[in-house]
Each structure stands twice: as C-alpha cells, then as structure tokens.
Amino acid sequence: MLRRSGPRLGYVQSASVSSPAVEIRGLRKQFGEVTAVDGLDLVLPRGQILALLGPNGAGKTTTVEACEGFLRPDAGQVRVLGLDPIADNDRLRARIGVMLQGGGAYPGAKAGEMLALCAAYSADPLDPDWLLDMLGLRENVRTPYRRLSGGQQQRLALACALVGRPELVFLDEPTAGLDAHARILVWELISALRADGVSVLLTTHLLDEAEQLADEIVIVDHGRVVASGAPTDLTGAQSQDRLRLLTATPIDPDELAAALGAGYRCERGTSGAYAVIGALTPRLIADVAAWCAERDVLATELTAAQRSLEEVFLNLTGAEVRR
Ligand SMILES: Nc1ncnc2c1ncn2[C@@H]1O[C@H](COP(=O)(O)OP(=O)(O)OP(=O)(O)O)[C@@H](O)[C@H]1O
C-alpha cells in the first residue's frame, strides 16, 4: 500500500472544513445529440482521493471540466470547496490545482521557466527546485517544453498543478504514457498529497492505479454512476463466495452447478477458468473435487478467488471496446 508512505509535501490542509471538496448533484451535459453526463452525483470529502473510472466516452473528462469551471452544466449543481466553479472562478483558481494535458500554452518555454511561472501565481508556492527533484526533472530544467519526452511533459504538468499548494487537485489520467519508474514516482506524490490532507479527484484507465490510491472509486458509464465505494467494497463484497476452478479438460458448468444443488451457479470465465458462485464451505471444495474425480477430470487449480477490480469493471460496463 503506497498510502501514508513516501515523501511529504509539507503543507497540511485543515480537515475541519464542513463543505466537501467536491459535491456534484444531478449533473447533466449534452453536446448536440450526445449526452456526455446524464444525472451524475458524486461527493469527494476533504482530504480523500476519489478515482473516476469508466470506459472511453463515459463522461469522466466532462465531469472534471465542469468542476474546474471550464464547462457550464446544462442541469444540476456543482460545488467545489463550497463554491460555484464558474461564478466563483477567481476565488477558486488559487485554491485548486489542475493538471492540463499538453502542459499549457508555451511550447518554447523551458521546463524550469514554466514551473516558475506557475509558482508566480501563488502567494506561497512550494519550492520549484524541490518539486523538480521529486519528479525526476532536475536535469530538464533548461529543456524547452516541446523537447521534453511525453512522460517528462506529463510530470511537469503535475508539478505545475501542485506548485501553488492547492487544497484540491484535479488529475486527468496522471500516469498515462509514463514508464513504470515514473508511474511509481507519481503514485508516491499523490499519496503524499493525501497524507497532507489535500483532496484529489483523478480520472484513470488503470484499475490498479485506482485500487492502490483511491479511498473511493466511482465507476461511470454513459454519463451515470454505475457503482461506487471503497476499492475493497467493490472487489471484496463477493470474495467469500467464489471458487475459481481450472480444469485440464473442459467441463459443463451447468452440469456441475446442478450437482452442487440449490444456491450454486457455475460460469465459464474468459480465461478458461470456471467460477463457482455460492456459499464457500469446506463441503463445497470437497464436492467440486469429487465431481471432477468422478468424471476423470483433472482439477489443476481450485482457489477461493477474490474478484478483481477489472472483473467488477467489465461486469458493470460490458467487455466491448468503446470508441
Ligand atoms: N466538446 C465536445 N463536443 C462534442 N462532444 C463532446 C465534447 N466533449 C465530450 N464530448 C462527447 O461526450 C462524451 C463523453 O466524453 P468525455 O471526454 O467526458 O469521456 P471520458 O470518459 O473522459 O472518455 P475518455 O476515457 O475516452 O477520455 C463522448 O461521447 C464525447 O465524444
């Protein structure tokens, strides 16, 4: 668990504020014929990390942009740090950090200059050199933005979002395109934010990222919330009632389920394994093994399996690719 480990940013946010960091009620946004967000509710309490997960086109970026004040909702209410992101935009700007894909408008500017510029907007910024060190960008201080690699640009965008000591940070796919080392660096930094009481709303396609970092995961599809909860709530709810069975030769799952009796189902998974769903008891394991033995089927694996977040996600949003 990365949480509470790693570096500290050294600016502790007060948790004793009553309004949530983000509160969205009934958000709707239409683009022509396309309903991007369709009555979405979401609450991010102060000092927590919330990960928005969803297939391509699910409405994640639209939701985040409504919070950042870049988009006017068609209906619903959005409050950020207790304020209206559009009407109170000037007051909010200094208190939130936004990680922009593409890093801003100065492709010729050097990395160090860009960060210094972002720092100049804050009354009490973090030390830019320290932040560049933290993100492994020290050697790129004099590199023009357009010459940075994709991963370096991504990390610089994160540094720009954080340098003003924001109370709340919006991170849109913060580790997209990063190599494994850089991803761990960024994960540590996000954990450090949480340890300092900073609230984080992030979107990601990486299920392990959401599982590692988030206090709360919200899965959206077709602009609506389809599931939400702590990672362990989403994956663990059914961990005690699934048996994963791998066999050397195929079996008929319906026949096995019928033999096990009422209260049991058996499904064939995509990887060739079977899942027996029902009360997980010592008797069940013995019965499944005996059923295989009677049919001369070699059971190569029999495990009390925990549903992965990926299974939960695919189950809720379907397995087909979105465009
Ligand atoms: N400015 C826009 N004009 C027209 N359609 C838009 C606009 N912005 C978003 N959409 C559409 O709204 C829907 C939701 O888009 P959004 O970018 O919010 O999804 P997303 O969940 O962030 O997707 P991805 O994971 O691919 O980034 C998509 O169908 C998208 O094409």
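**A tour from sheet to ligand**

Select strand 10 (residues 242–247) and strand 12 (residues 274–277): four bridges join them, and the two run antiparallel. You are looking at a predicted model, where local features need pLDDT of at least 70, side-chain atom pairs count only at pLDDT 80 or more, and totals for chains, interfaces and linings use all residues. Residue numbers start from 1 along each chain as its sequence is written. Strands (E, at least two residues) and helices (H or I, at least four) are DSSP runs numbered from the N terminus, and two strands pair if DSSP finds at least two bridges between them.

Zoom in on Leu243, which stands opposite Val276 in strand 12. Now widen the selection to the open sheet of four strands, with antiparallel pairing and the order 11-12-10-13. Strand 11 (265–268) and strand 13 (299–304) are at the edges with a single partner strand each, so one side of each has no neighbour in the sheet.

Next, jump to strand 1 (residues 22–31) and strand 2 (residues 34–44), an antiparallel pair joined by eight bridges. Val22 stands opposite Leu44 in strand 2. The two strands form a hairpin with two residues between them, and Gly32 in the turn has a positive phi of about 60°.

Last stop: the ligand. Display its surroundings (C-beta atom, placed from the backbone, within 6 Å), and you will find residues including Phe31, Val34, Asn56, Lys60 and Thr61. Helix 1 (60–68) and strand 2 each supply at least two residues of this shell; the largest share, three residues, comes from helix 1.
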